[in-house]
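Let's take a walk through this model, starting with its aromatic rings and moving on to cores and strands. Keep the structure open beside you as you read.

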Amino acid sequence: MKAAVVFEKGRAPQYAEVADPQTPQNNEVQVSVRAASIKNLDRAIAGGNHYSVSNALHQPKIIGTDGAGYLDNGEKVYFFSKKGTTAEKVNVEKGFVIPVPEELDFAIAAALPNAVMGSAMGLRFKGGMKPGDTVLINGATGVTGRIAVQVARLYGAKKIIVTGRNEESLKSLLELGADEVVSLKLQDEDFKTKIKEIHRETSIDIVLDYLWGHSVEMILWALKGDGTFSHKTRLVSVGGMSGDTIQLSSQILRGTDIQISGSGLGSWTKEEFRLLFTEIIPEMFQAAGEGKISIDTEKVSIKEIESVWETEIPAGRRLVITI
């Protein structure tokens, strides 16, 4: 069968012939793949840079961690697998397969779940979101941030504040359900003052962060208490696009009712991960089928994988490899 394979660490994947999967085990099903999404996670794993594989010896591997296709009985499904998914056929554990509504095309079905993992899991389990909460999404102009805006609205957010650098993308988030935008192009003091004013007017319950780095330092400064009782805010780190470290004053922790946690592979419990596949993703598929949530995709044939690997995808779009 054909697949997209990384043969050398740090090199682009190639369109290559590989052996067909073995006969599925009792706990597996075989999926005939039609689309596989490519995320930053997949690029990091393929390059050996992700924390889940950084200590592993590199071997040729099929890229991708999820996709959409057909079962032998013709059922349309989404699936997740650490064995590689950008191939004509993949064996998948039965617990990591989700039915897909017929009205959703394969590209949407392949692209949406990872963005849901990067938004709904943080909001629901790490942020403890409930209807009526005010949510600040830091770095919301990317694919997952755009989904986070829509998920927060579906979960009943009272107010959604978004930050980002792309002014056009920020404005488009208002159409997806955001209530207020704050540009990261503002001067530091102006940015901190703006966040502080928002927090004073409508206390921020959850900060869902995709950037880390300097912008989080400013947000934490803006939330800093003054020695009196402060509102409880949960800051959830989902990504680190602006850097892997921050400077954090201990005064912020002592003077502010702030909870800092992360949401990602390794931070979820088995029960939370089970609910992702049994409740959360199916709910979002249904919402997408009803037009309540949308995601933009950039579809490319698997034959073009090597040439497209280093290509910059338009902002807010998810690269999907069609097979």
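Count ring pairs in this predicted model and you get nine aromatic pairs, where rings of Phe, Tyr and Trp (its six-membered ring) pair if their centres lie within 6.5 Å, and planes under 30 degrees apart count as stacked, over 60 as edge-to-face and the rest as tilted. Take Tyr70 and Phe106: their ring centres are 5.1 Å apart and their planes are at 80°, so this pair is edge-to-face. Tyr70 sits in strand E5 (residues 66–70) and Phe106 in helix H2, so the contact ties together parts that are 36 residues apart in sequence. Helices (H or I, at least four residues) and strands (E, at least two) are DSSP runs, numbered from the N terminus. Tyr70 is partly exposed at 29% relative accessible area, whereas Phe106, at 17%, is buried; buried means under 20%, exposed over 50%, and partly exposed in between (1.4 Å probe, protein chains only). For a stacked pair, look at Trp268 and Phe273, with centres 6.1 Å apart and planes at 20°.

A quick note on the ground rules. Residues are numbered from 1 along each chain as its sequence is written, and side-chain values use heavy atoms, with hydrogens and water left out. Because the model is predicted, local features need pLDDT of at least 70 and side-chain atom pairs count only at pLDDT 80 or more, while totals for chains, interfaces and linings use all residues.

Now for the nonpolar cores, meaning sets of buried Ala, Val, Leu, Ile, Met, Phe, Trp, Tyr and Cys residues joined through side-chain atoms within 4.5 Å. The largest has 54 residues, and Tyr78, Leu112, Leu123, Ile137, Val162 and Phe285 touch the most other members. Helix H2 (residues 106–117) supplies the largest share of this core, ten residues. Another core, of 20 residues, lies apart from it and includes Ile161 and Met218.

Finally, find strand E13 (residues 233–237), where five of five residues are buried. Thr233, Leu235 and Ser237 point one way, Arg234 and Val236 the other. E13 runs parallel to strand E12 (residues 206–209), joined by four bridges, and parallel to strand E14 (residues 258–262), joined by five; two strands pair if DSSP finds at least two bridges between them. Leu235 is the bridge partner of Val207, and Gly262 that of Ser237.
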